[in-house]
Amino acid sequence: MERIPILQMGAYLLVTIQVDMHDQLALTLQDDLSERISKTSARGVLIDISALDIVDSFVGRMIGTISGLSRIMDAKTVLVGMQPAVAITLVELGMTLPGVSTALNVERGMKLLQERVLAQ
Amino acid sequence: MAAVQQKTVDAMKSSQQELTTAWLSALEASGATRNIKEDDLRQQAADFLRLVISVAEKGRHQSLAGSDWDEIRQFLEKLSQSRALIGQDSQQTASFVFSLKGPVFRLLQREYEAEPAVYAEQLLELSELLDALAMHTIRTFQKSRESVIKRQQEELLELSTPVVKLWDGVLALPMIGTLDSQRTQVVMESLLQRIVDTGSEIAIIDITGVPTVDTLVAQHLLKTVTAIRLMGADCIISGVRPQIAQTIVHLGLDLQGVVTKANLADALALALRRLGMTVTKAV
């Protein structure tokens, strides 16, 4: 079955979405990520969606849910690299993803994540 | 339907000169000749009359699309385009054709004094012919005006959305004019694209040039701000004039979570501070 890889880098987990997100994939990712956070007790999660250029309301909601669930499991989450078209679509769909931290690229996202974790 | 009779055509042909003179004075009286050179007008009138006679002579009423009508159609298109360019309105342009009716009808009356039935029929025929031509003139006029408006709108859209780089990592978007959905879309797209291209962390939207802010404009602004945040950059809105601030408060708009500054200088200062930079005076 197709899966989105979750990479571990020290205390952080790195999720890079490189394929078109469909509903089942998003659900699998949600399960996998929560499993991995509890197994590795990761302190932060970085989700890179720079390769994602099509979203619908379901995938938009899943992105929100995934960041929400990692936050609840005490891992700071940063969403990086959203494409302009995706941002416009989400706003037009009325999904403003409140409470989700964002950054322009992986490098800045990692910096933000480290600051957040250290501040704790 | 009966066609225009040969007798009518002959009568019009023989009194072409007289018709033109009467027509021109009617035009003069209606005020449709403003901004047009007299020689040009005389030439146009003579050409048009000749064309009308030629289509009337060709017999049966066809639709305006027929090939017999090509010449007169092109003539009218050229005419109304030139009228649109010198700024005449549609009424003035149409009255060029309509004011031919008076002289022609008077001529018919004289010709068919003895045959009222034929007179009525011919009157209707010619009237329909001229109406169709006038309609075509108006249609072309409208089209050329619309194309002018469309072009100007596009130019305005392009002109009014420049994204400027103020500093490394700071972009500014000075907005001028009213914000409607279409403009917001263009603005949002160009700003977001520039953010991706330059990797800027802070975008300043300056609304000094936006004359009024109502709920719709505020909603558009909020959308843009949210989209920028989703991309991972920060947005500052600057240039909130006192009246606009009052309107926003009176309307009860919720701009919470949006950083606003009174002017662009303050916004830039805040942006630099956030980037960890300070500006000092050289001693």
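Reply: Two strands pair if DSSP finds at least two bridges between them. Helices (H or I, at least four residues) and strands (E, at least two) are DSSP runs, numbered from the N terminus. This is a predicted model: local features need pLDDT of at least 70, side-chain atom pairs count at pLDDT 80 or more, and totals for chains, interfaces and linings use all residues. Residues are numbered from 1 along each chain as its sequence is written, with chains lettered from A and ligands numbered from 1 in written order.

Me: Which residue of β4(B) is the bridge partner of B:Ile205?

Reply: B:Ile237. The strands are β3 (202-209) and β4 (234-238) of chain B, which run parallel over five bridges.

Me: In what order do the strands of that open sheet lie?

Reply: β1-β2-β3-β4-β5 of chain B, with mixed pairing. β1 and β5 (259-260) of chain B are the edges, each pairing on one side only.

Me: In which sense do β1 and β2 of chain B pair?

Reply: Antiparallel, over three bridges, between residues 164-167 and 170-176 of chain B. B:Lys165 has B:Leu171 as its bridge partner. Two residues separate the strands in this hairpin, and B:Gly169 takes a positive phi near 90 degrees.

Me: Which strands does helix α8 of chain B touch?

Reply: Contact means C-beta atoms, placed from the backbone, within 7 Å. Angles run from 0 to 180 degrees between N-to-C directions, on lines fitted to C-alpha atoms, for helices over the stretch in contact. α8(B) (181-198) touches β1, β2 and β3 of chain B, at about 165 degrees to β2(B). α9(B) packs on β3 and β4 of chain B, at about 150 degrees to β4(B).

Me: How many residues are in the largest nonpolar core?

Reply: A core joins buried Ala, Val, Leu, Ile, Met, Phe, Trp, Tyr and Cys residues through C-beta atoms within 7 Å. Buried means 20 or more other C-beta atoms within 10 Å of the residue's own. The largest core has 65 residues; A:Ala87 and B:Ile204 are among those with the most contacts inside it. α9(B) (215-231) gives the most, seven residues. B:Ile204 touches residues including B:Val170, B:Ile236 and B:Leu264.

Me: How many residues of chain A meet chain B?

Reply: 13, in contact with 15 of chain B. α3(A) gives the most to that side, five residues. Ala, Val, Leu, Ile, Met, Phe, Trp, Tyr, Cys and Pro count as nonpolar, Asp, Glu, Lys and Arg as charged, the others as polar. That side of chain A has ten nonpolar, three polar and no charged residues.

Notes. Contact = placed C-beta atoms within 7 Å. Buried ≥ 20, exposed ≤ 12 C-beta atoms within 10 Å, placed from the backbone. Lists of a residue's contacts leave out its neighbours within four places in sequence.
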